[in-house]
Amino acid sequence: MYPDRVVSGMRPTGSMHLGHYHGALANWIKMQAEQPCLFFVADWHALTTHYDDPSVIERSTWDMLVDWLAAGIDPSQATLFIQSRVPEHAELHLLLSMATPLGWLERVPTYKDQIDNLANKDLATYGFLGYPLLQAADVLIYRASEVPVGEDQVPHIEMMREIARRFNYLYGKEKGFEEKAQEAVKKLGSKRARLYNDLRTQFQQDGDAEALEQAKAMLDDAHSLSMVDRERLFGYLEGSRKLILVEPQAKLTAAARLPGLDGRKMSKSYGNAIALREEKDVVTKKIRTMPTDPARVRRSDPGEPARCPVWQFHQVYSDGPTQEWVVKGCQSAGIGCIECKQPVIDAIIREQEPMHERAQPYLDDPSLVRAIVADGNDVARKLAQETMRDVREAMGLAYF
């Protein structure tokens, strides 16, 4: 019914590190060449935990955008924008909050996890409780078909689907909907109309998911239908409601898990990160001072790669022969830890060289980044306004 579209965002935490690159950005770069993508800086989300000190948000926003461009996000392929520059996000968040049960927000797994992990902050605010709903608005307003996430974020996507489903059920009521849908069926032509009705029956009576997908594919190809009629027929397939908001699918992304320098999750707050555009001498120093297998007290002591944080870097950066060399050399004490670390140092520096090159024009002229974002804001806002027109009409708010 609506074009396939990928939407994803990140909170502005400042400069990106290699964990961000291998965990998310590398997948964004791949996806931007496959289908339309919108990537946004979630600056309002940053306020959910930093509402008492927002001073870092602006600088962090621009630093992060430069890193995205340096990593290879291409503004000619993907739309880059800033969440707060599209106020329709806030409007949809407000309207969704009117009909979202409080219990849905309280049961989100990451809500309690973050309350525990951020015990030093006062998070007894609606902004923090309601951030999954704002997250839902961020995606639903673009009628996204897919959202790239890791497994830990799947419950958030399922909640987005439930919110869209509930909204469509409550507000997708159109006077004379059944009669209008049946008239739209006739516009398919006699052969396709019969097939549509057969597939609809198979799905509604027997729960045949394959019939539902076949009917949706047929409607996608029915270019002679108006958007309104197509919308009615998609809703008529599954019940008797117009589909105003799209239920997004979670796109589980393959991500190389890159740990921090100490083996824990890479994080600036842990002081164990390598920035995306780190200087060569800093990369070298950080890797060379990484802790290794504690059993290797002396150069002649054999070790075990599985106990060493450096080995996890080899699993991301080194090819098969190099990994074999590491395992054999470590277990036999045939190589020292500094020797073992050198291929990782070389690989990271090699990976970052084009990032430094891509970043330099934006560092020399920050107005280039601002122009890219201004264009992206305009594109995103136009799409958001299209959705909000339908939302307002459905909720009885289209007075003008």
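Select Leu-195 to begin. At 33% relative accessibility it counts as partly exposed, because that class lies between buried (under 20% relative accessible area) and exposed (over 50%), computed with a 1.4 Å probe on protein chains only. Leu-195 sits in helix 11, residues 190-206. Helices here are DSSP runs of H or I with at least four residues, strands are runs of E with at least two, and both are numbered from the N terminus.

A note on the model before moving on. It is predicted: local features need pLDDT of at least 70, side-chain atom pairs count only at pLDDT 80 or more, and totals for chains, interfaces and linings use all residues. Residues are numbered from 1 along each chain as its sequence is written, and side-chain values use heavy atoms, with hydrogens and water left out.

Now show what surrounds Leu-195. Leaving aside neighbours within four places in sequence, it is in contact (heavy atoms within 4.5 Å) with Gln-214 and Met-218.

**Zoom out**

Show the whole chain. Its C-alpha trace spans about 85 × 45 × 40 Å along the principal axes. It has 18 helices and five strands. Of its 400 residues, 48% count as buried. Take the contacts between residues at least 6 apart in sequence: 77% of them join residues at least 24 apart.

Colour by domain next. Domain 1 is 6-171 + 247-257 + 366-395, domain 2 is 174-238 and domain 3 is 277-363. These bounds come from an automatic or database domain assignment. Over C-alpha atoms, the centres of domain 2 and domain 3 are 57 Å apart.

**Helix 14**

Select residues 280-288, which form helix 14. Which of its residues are buried? They are Val-283, Thr-284 and Ile-287. These residues cover an arc of only 100° around the axis, so they lie on the same side of helix 14. The arc is that of the directions from the helix axis to the C-beta atoms. Turn to the other side of helix 14 and find Asp-281 and Lys-285, both exposed. The buried residues pack against helix 15 (309-317) and helix 17.

**The cores**

Select Leu-25, Trp-68, Ile-287, Phe-313 and Ile-348. Of the 51 residues in the largest nonpolar core, these touch the most other members. Such a core is a set of buried Ala, Val, Leu, Ile, Met, Phe, Trp, Tyr and Cys residues joined through side-chain atoms within 4.5 Å. Helix 17 gives the most to this core, with nine residues. Domain 1 and domain 3 each supply at least three residues.

A second, separate core has 37 residues, including Ala-144, Val-149, Ile-157 and Met-395.

**Glu-351**

Select residues 337-364, helix 17, and pick out Glu-351. Not counting residues up to four places away in sequence, Glu-351 touches Leu-18, Tyr-21, His-22 and Tyr-317.

**Last stop: helix 8**

Select residues 131-140. Nine of these 10 residues are buried, so helix 8 is largely enclosed by the rest of the structure. Among the buried ones are Tyr-131, Pro-132 and Asp-138.
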